Amino acid sequence: MDISSPSPERVGHFTRASQWLMSMPKRLKASIIVFLTMATKLAKEDPRRIVHAFKVALAISTVSVFYYYQPLYNGFRVNAMWAVLTVVVIFEFSVGGTFGKGFNRMVATLLAGFLGVLVHHLADLSGKIGEPILLVIFGSVVATIFTFLRFFPRLKARHDYGLMIFILTFSLVSVSGYRYDEVITIAHQRLSTIMIGSLIAMLVCICICPVWSGAELHNLIASNIDKLGCYLEGFGGEYFRLSDEPKAMDDKSFLHLYKSVLGSKGTEENMANLAAWEPGHGRFRFRHPWKQYLKIGTLTRKCAYRIDMLNTFVQSDVQASQEIKRKIQDACGKLSSESSKALKELSLGMKKMRRSPLANIHIESSKSAAHELKSLLKTVAVWEDFNLLDILPAATVASLLVDIVACTEDIAEAVHELATLANFKTIDTVISPEKPDVEDEPVASKPLSDGNGSHDHVEVTISGSS
């Protein structure tokens, strides 16, 4: 009897299957290593993520008592699970995110529950025939109105979650098949458990290593301004470097730091929205002017776009001749240096929440340099020996620097407005007349008393070193 041998296709399938099974341990090990590497990286980037995970676990464990402890369970029954669900849904990384979701959920549940009970009662009075008709009509109208409200920009930014919960709660209550008295009981129990879950989540979030969106927004805006200052600080040495001079191996990260500012709009708006929900904390009082930070951020990005165009000339292979560059080097160098000092001073003042007139001094110096640069560009005798196309790249760089001075002045005005709204500390600066340059000078400060022992402001004396 002939025994037919297995076909090549079946042999191929069995071979691939066996190889896949044999390689499974290796692939599983590789996946675990990749996961652990990623987890380690995330934890090192921001250790607060680990703390947040433990905070969520603590909040869930605390609120679970209402489900496991029999006396509490008897009071809420299966509705105790709503407290656990609320913690899972509303607990966010920041205090503002948790408070915003918690407030929206509690208010939306309260209003929707009240309206749902009222609609259910009206439908119940209309009889068995009219009850489903009224419930469908009211449900459709409410769902249509509140779904459309979610498209309003201001409502979507702050209350989108609340509007969604309102629709959900109203639908659950209004169309329930319970009798009127049971609907009230169920609505009361669910509202109570949701409020308990929200309050527990808020308390854990704010009491254990809180993450404040307002403080992060404040530091982000100050850091973005500082990045622009760092670029302008290194611009002169990079752009006016001699073509035959070897490139230094120094850190050139300042040439790219500003790029993170260009895409920061979404992050800033989200942080400002979350910060508006946060209670007063630290240096930030209740109703802090968070919208002003968005204005500063917009002006900072405007300046960053100018710097991005300026950077294309620094990185370009086509450069103006060294002879042309030397004619504008002094004015451009002073302009970029003074603008850099002004931006860095504004950034430092924001970080320390204090006012300082040093930024205004540097801005006036940069405006003076800009005026000199414009006068130089208008002097025909200086450029009559050069071809227009040869002058154009350097003239464009000079024009962009002049625009950056105007942007710096706008940023300074916005920061000073923030200082007024947020009541920054005032520092009176006394500059020695024989040492007008304040760069790298030692600073000594002493409090000024009004004679009654109180100190309203600080006097800073800047003295030169011999």
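Which residues does E216 touch, not counting residues up to four places away in sequence? Select E216 together with R48, V211 and M271, the residues it touches under that exclusion; a contact means heavy atoms within 4.5 Å.

Before going further, note that this is a predicted model, in which local features need pLDDT of at least 70 and side-chain atom pairs count only at pLDDT 80 or more, while totals for chains, interfaces and linings use all residues. Residues are numbered from 1 along each chain as its sequence is written, and side-chain values use heavy atoms, with hydrogens and water left out.

**Stop 1: E216**

E216 is placed in helix α10; helices (H or I, at least four residues) and strands (E, at least two) are DSSP runs, numbered from the N terminus. E216 counts as partly exposed, at 23% relative accessibility. The scale is this: buried means under 20% relative accessible area, exposed over 50%, and partly exposed in between (1.4 Å probe, protein chains only).

**Stop 2: the rings of helix α10**

Stay on helix α10, which covers residues 213-239, and select F235 and Y239, four residues apart there and so separated by about one helical turn. Both are buried. Their rings form a stacked aromatic pair, 5.5 Å centre to centre with 10° between the planes. Rings of Phe, Tyr and Trp (its six-membered ring) pair if their centres lie within 6.5 Å; planes under 30 degrees apart count as stacked, over 60 as edge-to-face and the rest as tilted.

Now show K325. Its charged end sits over the ring of Y239, 4.3 Å from the ring centre. The criterion is NZ of Lys or CZ of Arg within 6 Å of the ring centre and within 35 degrees of the ring normal. Another case to display is K101 over the ring of Y161, at 5.1 Å from the centre.

**Stop 3: S264**

Go to the loop between α12 (259-262) and α13 (265-275), where S264 lies. S264 is buried, with a relative accessible area of 4%. Its side chain reaches the backbone oxygen of V261 at 2.8 Å. With residues up to four places away in sequence left out, S264 touches N224 and R301.

**Stop 4: R354**

Select R354 in strand β1 (residues 354-355). R354 is buried, at 14% relative accessible area. Its side chain and that of E345 are joined by a polar contact of 3.4 Å. A polar contact is a pair of N or O atoms within 3.5 Å; within protein, one must be able to donate a hydrogen and the other to accept it, and residues adjacent in sequence count only if both atoms are side-chain atoms.

**Stop 5**

C205 is in no disulfide, and the nearest cysteine sulfur, that of C207, is 9.4 Å away. C205 is buried, with a relative accessible area of 0%, whereas C207 is exposed at 58%.

**Zooming out**

The protein chain has 18 helices and four strands. Of its 466 residues, 39% count as buried.

Terms used:
A disulfide is a pair of cysteine sulfur atoms within 2.5 Å.
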